[in-house]
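Good morning, and thank you for coming. Please look at the model on the screen while I go through a few of its features.

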Amino acid sequence: MDSHMPDEGTAYGLPAGTSRSELTLVTAGTPGGEFLRRYWHPVGLASDATERPRPVRILGEDLILFRDGCGRAGLVYPRCVHRGTSLFYGRVEERGIRCCYHGWLFDVEGRCLEQPCEPEAGKKMRDRVRQPWYPVVERYGLIFAYLGPPDRKPLLPRYDLLEELDEGEFLEADDSSIGSGGAVIVPCNWLQHFENVMDPFHVPILHGSFSGPQFVEQMALMPEVSFAATDRGVKCLQVRKLEDGKIFNRVTEAVMPTLRLVASPRVTRYTRASAVGWVLPIDNTSFRIYVVGRVRKPGEMREGTSRYEGKRWSELTAEEHQRLPGDYEAQTGQGSITLHSEEHLASSDRGVALVRRLLKEQIDIVKAGGNPMGISLAADQPPAANQAHGNQEVVRTEAGNYLVDRDADRDAAQSGGPER
Ligand code: FES
Ligand SMILES: [Fe+2]
C-alpha cells in the first residue's frame with residue numbers, strides 16, 4: 001500500500017443520515033400515519049378491557065381502554081373534556097367512565113351522561129360536549145380500534161387462517177410479541193420488523209449459523225427465493241431441497257398494512273400457517289406484536305419461543321445478547337429509525353424493496369384521497385354485514401410450510417401456492 005496515498009472510505013466527513021419519514025412515521029398527519037389510520041389495529045387482548053382504566057398507546061396516541069358494566073369496551077382520549085384531568089383516575093360504572101375530578105360521566109362513545117355539579121338547566125351544554133373517543137370491535141380474542149376518518153371506516157377483515165379451524169383446534173390470542181425475537185415492546189420503528197418478513201435470506205445466516213441453529217436444521221439451508229405481489233400485500237416462496245430428495249416450500253406473507261403471516265420456523269408440521277400477527281406501531285420508535293393462532297392446547301404458541309444455547313431471551317446476559325443475536329438485536333441494531341440514506345440494497349433485498357414500494361404506493365393513494373389496498377367499506381356492504389359479517393368476504397392466504405415430492409408438485413406450488 002502506498003503510504004503517500006490518502007486513505008479511502010474512512011468515516012470522516014460522513015454526512016448525517018436520513019430516514020424515509022414518509023414510510024416510517026406513524027403519528028397523525030404524517031403520510032404513513034394517515035395510511036395506517038385507514039385500517040383497524042389491535043389495542044389489547046379482550047381481557048385488557050376491564051373496570052380498571054388501562055392506558056394504551058397506539059400510532060403515537062395515548063388513550064384509555066376500559067369496559068363498562070354492560071360489557072361494552074370503550075377507548076377514549078385521556079384528558080377529560082371538562083378541565084383535563086386524566087380518565088386514568090376515572091371510575092368505571094355501569095354506563096361508562098366517570099371522571100374523578102367533578103364526576104362527569106361518559107359512555108363508551110364519549111357522550112356525557114351526567115354532570116353532577118351542574119344544575120339541571122345546564123342539560124343543553126351536557127348534550128353538546130363529547131369526550132373524544134374511537135370505535136372498537138372485539139374479535140379473535142383481541143380488541144381492534146379504528147383511529148381514522150369516520151367516513152372511511154372499513155369493515156374489520158376476516159382471515160381464512162382464523163375462520164377455518166381443523167378438528168380439535170381453537171383460537172388463542174397472545175400479546176407477548178411472539179416473533180419479535182425479544183422483548184414485548186421493541187424499541188425501534190415498526191417497519192424494521194415488517195420488512196424483515198420479506199427478508200428470508202437472513203434466516204440461514206442470523207438464525208442458522210451466526211447464532212444458531214435457532215430453529216430447525218432445514219431452516220438453516222439457503223433457499224431459492226422468489227417474491228410476488230398479491231392482492232393483499234407481498235408473498236415470498238422459499239424452496240429448500242432436503243436430503244431425502246423432498247422439497248420444502250415455505251410461503252410467508254406481508255399483508256397490508258401490518259400483518260405478518262409466518263408459519264412456524266420450527267416446522268413441526270407441513271401445513272398452512274397457524275397464526276396471524278399484527279405489528280402494532282406504538283409510536284414512531286417502538287412497536288409490539290399481537291398474535292392470534294389456531295392451537296390444540298393453551299399456551300402452545302409460546303412454547304415455540306426461541307432458545308439460545310438453551311436459555312430464553314430474557315435470561316441472556318449482555319455478553320450473550322452480543323454473541324447470540326436474534327431478530328430483536330438485528331432490528332433494534334438498525335437504530336430507533338433506520339437511516340435509509342446509508343443503506344446499500346443488494347439483490348437479496350428485493351423483498352424489502354417490494355414491501356417499501358407497495359407501502360409507498362398505498363400511502364400515495366391515501367394522500368390522493370383514495371382507499372388503500374384491502375379495505376372494504378361498511379357502506380359497500382349490506383346493512384346487516386357490519387354486525388353479523390355473514391356476507392363479509394374472508395381474506396384467503398397462502399402462507400405455510402409445505403412438503404412436496406416431485407418437481408411437478410413444486411412447479412404447481414410456485415405458480416399458485418397451496419390449494420385447499
Ligand atoms: S376535569 Fe373531569 S369532570 Fe372536571
Ligand atoms: Fe428472523
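The model is a predicted one, in which local features need pLDDT of at least 70, side-chain atom pairs count only at pLDDT 80 or more, and totals for chains, interfaces and linings use all residues. Residues are numbered from 1 along each chain as its sequence is written, chains are lettered from A and ligands numbered from 1 in the order in which they are written, and side-chain values use heavy atoms, without hydrogens and water.

How are the rings of W40 and Y146 placed? Their centres are 5.8 Å apart and their planes stand at 50°, so the pair is tilted. For such pairs, the rings are those of Phe, Tyr and Trp (its six-membered ring), with centres within 6.5 Å; planes under 30 degrees apart count as stacked, over 60 as edge-to-face and the rest as tilted. W40 belongs to strand β1 (residues 40–45) and Y146 to strand β11 (residues 142–146), so the pair ties together parts 106 residues apart in sequence. Strands (E, at least two residues) and helices (H or I, at least four) are DSSP runs, numbered from the N terminus.

Let us turn to another pair. The rings of Y159 and W278 have centres 6.3 Å apart and planes at 75°, so this pair is edge-to-face. Y159 lies in strand β12 (residues 158–159) and W278 in strand β18 (residues 275–283), so parts 119 residues apart in sequence are tied together. Y159 and W278 are buried. Ring pairs also link F144, Y159 and W278 into a cluster. The structure holds 8 aromatic pairs.

H202, in helix α6 (residues 202–210), and D327, in helix α9 (residues 327–332), are 125 residues apart and link distant parts of the chain. Both H202 and D327 are buried.

Terms used: Buried < 20%, exposed > 50% of the residue type's maximum accessible area, 1.4 Å probe, protein only.
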